[in-house]
Amino acid sequence: MTSADDAAVLALNIAAEGLVEPLGPDRLDWLRLIAAHAAVVDLDDEVAAFVLTFAPGSAHDSLDFQWFAGTYVDRFLHLDRIVVAEPHRRKGIATAVYRAVERSAKPFDRLVCGIRSDPPDVAGLAFHAGRDFVEVGKLRRPDGTTTALCSKELTD
């Protein structure tokens, strides 16, 4: 992900708001700098998806990341967000990205993420359950929503 991708990434994030935290240009710049992974998926010269992950010790300030850091200390890779453009959903992009991220997360023992559970992100919860993520906690957010904190143990 480079600054040339900013407009497309911000537009995808806006389309997914409510499922992911809001993201503005300055925050995107900062997150890209501190991320373990800040990548886009290009299809036909169009940004079809993006992903942001964070390793333990990063300066990431999200509530999810802070909970996982307090729980797993340094044995996790946090998948902060993945957003796939509507026309490209259900085509295997998220699965391919998750496979790549899971491979890179093996030194940390587990891949973790938060999924909105109240009101529920039904598709997100089902996708993660199908990838062997299990709920390890819940986080009540200031806006009144609840996030299921999920973890997938990674084995060889």
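Author: The sulfur of C150 lies 5.3 Å from the closest cysteine sulfur, that of C113, which is too far for a bond; a disulfide here is a pair of cysteine sulfur atoms within 2.5 Å. By this rule the count comes to zero disulfides. C113 is in no disulfide. C150 is buried, with a relative accessible area of 6%, and C113 is buried too, at 3%. Buried means under 20% relative accessible area, exposed over 50%, and partly exposed in between, with a 1.4 Å probe and protein chains only.

This is a predicted model, in which local features need pLDDT of at least 70 and side-chain atom pairs count only at pLDDT 80 or more, while totals for chains, interfaces and linings use all residues. Residues are numbered from 1 along each chain as its sequence is written, and side-chain values use heavy atoms, with hydrogens and water left out.

Now the sheet. It is open, has six strands in the order β1-β2-β3-β4-β6-β5, and its pairing is mixed. Two strands pair if DSSP finds at least two bridges between them; helices (H or I, at least four residues) and strands (E, at least two) are DSSP runs numbered from the N terminus. The edge strands, each pairing on one side only, are β1 (37–43) and β5 (134–140). From one strand to the next the twist averages 30°. Axes are lines fitted to C-alpha atoms, for helices over the stretch in contact, and angles run from 0 to 180 degrees between N-to-C directions.

Helix α5 (residues 122–130) packs on this sheet and touches β4 (110–118) and β6 (146–153). Its direction makes about 150° with that of β4. Contact means heavy atoms within 4.5 Å. In the loop between β4 and α5 sits P119, and the peptide bond from D118 to P119 is cis, with omega near -5°.

Elsewhere in the sheet, strand β2 (residues 46–54) and strand β3 (residues 77–84) pair in the antiparallel sense over six bridges. V51 stands opposite I82 in β3.

Two loops complete the picture. D44 lies in the loop between β1 and β2; its phi is near 50°, a positive value in a residue other than glycine. D44 counts as exposed, at 78% relative accessibility. R90, in the loop between β3 and α4 (93–105), has phi near 65°, also positive in a residue other than glycine. R90 counts as exposed at 85% relative accessibility.
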